[in-house]
Amino acid sequence: MLVAGAPPGRVPRGAYARGVRDEHGIQAEGLVREFKGGIRAVDGIRLEVRPGEIYGFLGPNGAGKSTTVHMLTTLLPPTAGTACVAGFDVARDGAKVRAAIGAALQEAALDPLLTGREHLRLQTALHGMPKAERRERTEALLERVGLTQAADRKVRTYSGGMKRRLDLALALVHEPSILFLDEPTTGLDPQSRNALWSEVARLSGDEGVTVFLTTQYLEEADVLADRVGIIDHGRIVAEGTPGALKAEIGRPSVEAVPCNSSERAAVAEVLRRFGRPVPGSPKGVTVRLDGGEEALADVVRALETEGLHLDHLQLHSPTLDDVFLAKTGRSLEGAAEEAESRPDAESEGEPEPLRA
Amino acid sequence: MTRPLALQVGSLARRSVVRTLRQPVNVVPSFLFPLILLAVNVGGLGAAERLPGFPTDSYLDFALAFTFMQGALFATTNAGTDLARDIQTGFLNRLALTPMRSAALLLGQLAGIVALALIQATLYLAVGLVAGVRPESGVAGLFVVVFLAVLVALAFGAIGAFLALRTGTGEAVQAMFPLLFVFLFLSSMNLPRNLIEIDWFRIVATINPVSYLIEGIRSLIITGWDAQALALGFGLALAIGAVALAAASVWLQGRLARS
């Protein structure tokens with residue numbers, strides 16, 4: 001059962017899946033989606049998600065994550081390129097794709113006037129299940145996501161975490177082999193987030209469900225995903241396991257913040273002896289250490305020798321944010337702010353459906 | 001209707017009815033306002049019954065038909081706003097990912113209108129009977145009045161669904177309300193067409209299909225069984241409903257945008 005308050009921490013990954021439900025996974029080649037005004041929300045991405053794995057699609061707001069999900073789930077026809085989901089072409093075999101997938105989209109689209117149980121009954125009926133199976137599946141899923149007690153309450157009284165859990169249950173009604181989760185933990189408290197992570201990991205690990213998960217949270221991608229694709233401005237800029245991506249960046253960086261801001265230039269001069277400057281906090285100086293972690297002691301001694309006093313000295317091991325920084329020249333946080341200030345930023349969050 | 005389609009329609013209809021009944025803020029005005037307007041009209045225009053050629057000696061009998069039309073207009077706005085909300089919140093996307101057929105969505109959505117229209121028509125008729133209205137078509141006529149009122153509400157509801165699917169916003173649907181209301185007022189709602197003295201008004205009322213919808217219901221109350229009025233009323237309600245439903249279906253296909 002998925003309950004808020006499940007043990008936090010690193011969750012098991014799908015790599016040890018006992019049995020994989022789907023043999024095909026997801027493949028996309030040269031996938032493009034252009035909106036009005038020639039805005040390319042997705043600009044020729046290529047990706048492959050293996051059966052049974054959790055694929056984390058990481059990027060800032062407006063990067064093209066949701067548009068990609070809408071295309072892969074057949075909700076939005078691609079402008080160009082091809083994509084196969086569960087072995088079916090998203091443009092030609094939409095109905096077969098939809099039969100194989102479950103999706104919890106970004107907006108957690110629920111009807112505030114219906115109860116949790118009514119949502120599940122509607123969803124099971126639309127999937128054409130017989131009456132007895134509808135009832136059984138509804139109860140099982142309510143139990144699984146920990147909403148049995150709240151099943152007869154209207155959704156407008158649910159917390160954000162409860163809505164997300166119901167959303168997940170609705171996506172699982174027809175036991176899909178591939179699950180799309182579009183920013184499933186955005187706005188959730190840590191307990192609800194950890195509970196959802198555990199359930200996603202269990203779905204992949206125990207039931208062999210392939211999971212395509214978009215996120216703007218580094219930690220989520222790092223903890224949950226077997227492999228990560230980093231998307232920026234509609235293009236995949238890096239792809240691999242979190243470990244491999246971080247190893248690509250290699251060396252750690254050190255950040256020094258002087259007590260006196262007038263000494264910032266002097267600190268920078270000292271640090272430059274140990275590595276290449278990289279963007280960091282505006283009050284401090286950050287360099288990528290040529291000599292790795294071992295150089296830290298020399299850095300401290302050099303600063304001491306120059307009589308420079310520090311307010312703060314921190315060693316950063318490479319993170320996925322560093323990977324993003326290395327690949328795009330911006331941090332994820334900065335990219336998100338930039339995306340929000342762009343006039344076309346809305347085109348990512350709510351893709352306009354194609355008119356017939 | 002195949003069994004899976006029937007199940008889908010039934011489930012979506014149930015949702016539509018449940019949603020309708022759980023929004024008293026939307027439902028109650030659709031019961032009260034037409035009755036208030038009826039009282040105002042009868043109080044203010046009651047003297048019209050003394051005009052030479054006026055078809056009945058009771059203005060209440062004459063005016064009651066308009067109440068059904070105004071109720072139907074409320075149903076239009078409610079249905080359209082609900083559907084627009086589904087588009088705005090992404091609920092339509094959720095439905096689009098199921099094997100749901102688009103016909104099921106429209107038919108299910110319209111079921112909520114039928115439920116509301118049935119309650120409205122029964123209430124208006126009951127109030128009319130209590131106030132002294134005695135339909136010339138007798139008891140059987142009462143059922144036909146309700147049936148035609150529901151059919152008109154369905155036709156108007158299909159217009160609401162079309163507007164929602166065309167614009168995708170509840171605000172746009174609500175903004176159409178005053179425009180549709182003008183159609184009601186530029187009809188034979190307050191006077192028989194032959195007694196409207198202003199030429200342009202009479203011409204507009206004559207070409208306005210709403211006049212014939214009102215006159216269909218009105219004929220059952222003040223005339224009896226008038227085949228021509230009923231044929232025009234039922235015929236236009238069916239025609240408006242069919243055209244609006246077809247237009248809504250086309251736009252629904254676009255909104256679902258599934259490959």
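Reader: Which residues of α3(B) meet which residues of α6(B)?
Author: In this predicted model, the α3(B) side of the contact includes B:Phe68, B:Met69, B:Ala72, B:Leu73, B:Gly80, B:Leu83 and B:Ile87, and these belong to a set that meets residues of α6(B), among them B:Ala149, B:Val152, B:Phe156, B:Gly157, B:Ile159, B:Gly160 and B:Leu163.

Reader: And how many of the residues in that contact are nonpolar, polar or charged?
Author: The contact of α3(B) with α6(B) is made by 18 nonpolar and five polar residues, with no charged residue taking part.

Reader: At what angle do the axes of the two helices cross?
Author: The axes of α3 (residues 59-89) and α6 (residues 138-167) of chain B cross at roughly 35 degrees and come within 7 Å of each other, and the crossing of α3(B) past α6(B) is right-handed.

Reader: Okay, zooming out, how many helices and strands does chain B have?
Author: Chain B has eleven helices and zero strands, and its radius of gyration is 19 Å, close to the 18 Å that the globule rule gives for 259 residues, so chain B is as compact as a globular protein of that length.

Reader: What does the C-alpha trace of chain B span, and what share of its residues is buried?
Author: Along its principal axes the trace spans about 65 × 40 × 35 Å, while 46% of the 259 residues of chain B count as buried.

Reader: Switching to chain A, which domains does the assignment give?
Author: The domain assignment of chain A gives domain 1 as 14-242 and domain 2 as 251-317, and the C-alpha centres of these two domains lie 43 Å apart.

Conventions
Residues are numbered from 1 along each chain as its sequence is written. Chains are lettered from A and ligands numbered from 1 in the order in which they are written. This is a predicted model: local features need pLDDT of at least 70, side-chain atom pairs count only at pLDDT 80 or more; totals for chains, interfaces and linings use all residues. Domain bounds come from an automatic or database domain assignment. Axes are lines fitted to C-alpha atoms, for helices over the stretch in contact, and angles run from 0 to 180 degrees between N-to-C directions. Helices (H or I, at least four residues) and strands (E, at least two) are DSSP runs, numbered from the N terminus. A crossing is left-handed if the near helix is turned anticlockwise from the far one by less than a right angle, and right-handed if clockwise. Two residues are in contact if their C-beta atoms, placed from the backbone, lie within 7 Å. Ala, Val, Leu, Ile, Met, Phe, Trp, Tyr, Cys and Pro count as nonpolar, Asp, Glu, Lys and Arg as charged, and the others, Gly among them, as polar. The radius of gyration is taken over C-alpha atoms; the globule rule is 2.2 Å times the number of residues to the power 0.38. A residue is buried if 20 or more other C-beta atoms lie within 10 Å of its own, exposed if 12 or fewer, and partly exposed in between; C-beta atoms are placed from the backbone.
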